[in-house]
Amino acid sequence: MNNRSEVFRAVEKQLSTAGFRIADKDFDRPWGGFFVIDETQADLFIETYFPGYTKEELMIGEKLSPKFLVVAPNKRLSWQYHFRRAEIWRVVSGPIKVAISETDEETPGQFYEDGNIIVLSKGTRHRLIGAPENYGVVAEIWQHTDPEQPSDEDDIIRLQDDFGRSPL
């Protein structure tokens, strides 16, 4: 399935059928889009998409924020990192490619398949990249590391961006 609107409708239906309340969504990002899941459903999200993990294991601060990322074929999110969150990703529909580095120097990245887990510590540089042939879908949990100031979209430090968005 490579039609943008069909992909987003299918993901939205999958989430709704599984009982998730979608708190926010954006299908108009230049790289694809996302669904924000109601934070009160973090337990169900972990049980559904991160089997083998518990909320207690994933809790770094006092809050977890579940999301779904949908990345278009050959599109790249910014080369970025965060000061106030770590992230854990699970490939729901792949393959997808992820570049990871402890420094500002971007790596070529590697492909991940359905079910693969990617753990990103606070400060780890990373980039999600769509595969050439298909949309990729990633379940993501923001692990807020600063209880006084939970992470948000302003906590994206962009080192490079294909779409001209501000680096900081």
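A salt bridge is defined here as a side-chain nitrogen of Lys or Arg within 4 Å of a carboxyl oxygen of Asp or Glu. By this criterion, 14 salt bridges are found in a search of the whole structure. The structure is a predicted model, in which local features need pLDDT of at least 70 and side-chain atom pairs count only at pLDDT 80 or more, whereas totals for chains, interfaces and linings use all residues. Residues are numbered from 1 along each chain as its sequence is written, and side-chain values use heavy atoms, with hydrogens and water left out.

Arg127 forms a salt bridge with Glu106, with 2.7 Å between the closest N and O atoms. Because Arg127 lies in strand 9 and Glu106 in the loop between strand 6 (96-101) and strand 7 (110-112), the pair ties together parts that are 21 residues apart in sequence; strands (E, at least two residues) and helices (H or I, at least four) are DSSP runs numbered from the N terminus. Arg127 is buried at 0% relative accessibility, while Glu106 is partly exposed at 30%. Buried denotes under 20% relative accessible area, exposed over 50%, and partly exposed the range in between (1.4 Å probe, protein chains only).

A further salt bridge links Arg165 and Asp161, whose closest N and O atoms are 2.7 Å apart. Here Arg165 is partly exposed, at 22% relative accessibility, and Asp161 is buried, at 12%. Salt bridges with shared partners join Arg76, Glu106, Arg127 and Asp162 into one network. The side chains of Arg29 and Asp26 also meet in a salt bridge (2.9 Å, N to O), and Arg29 is partly exposed, with a relative accessible area of 23%.

The structure holds one cavity of 30 Å³ or more. A cavity is a set of points, on a 1 Å grid over the protein atoms alone, where a 1.4 Å probe fits but cannot get out, and lining residues have an atom within 4 Å of a point. The volume of the largest cavity, about 210 Å³, is the space filled by probe spheres set on the points, which are joined across faces, edges and corners. Among the 20 residues lining the largest cavity, Trp31, Leu77, Gln80, Glu153 and Ile156 are the closest to its centre. The lining comprises eight nonpolar, three polar and nine charged residues, where Ala, Val, Leu, Ile, Met, Phe, Trp, Tyr, Cys and Pro count as nonpolar, Asp, Glu, Lys and Arg as charged, and the others, Gly among them, as polar. At least two lining residues are supplied by each of strand 3 (64-71), strand 5 (85-93), strand 9 (125-130) and strand 10 (136-144).

Definitions and conventions:
On a 1 Å grid over the protein atoms alone, a cavity is a set of points where a 1.4 Å probe fits but cannot get out, and a pocket is an open set with protein on both sides within 12 Å along at least five of seven lines; lining residues have an atom within 4 Å of a point.
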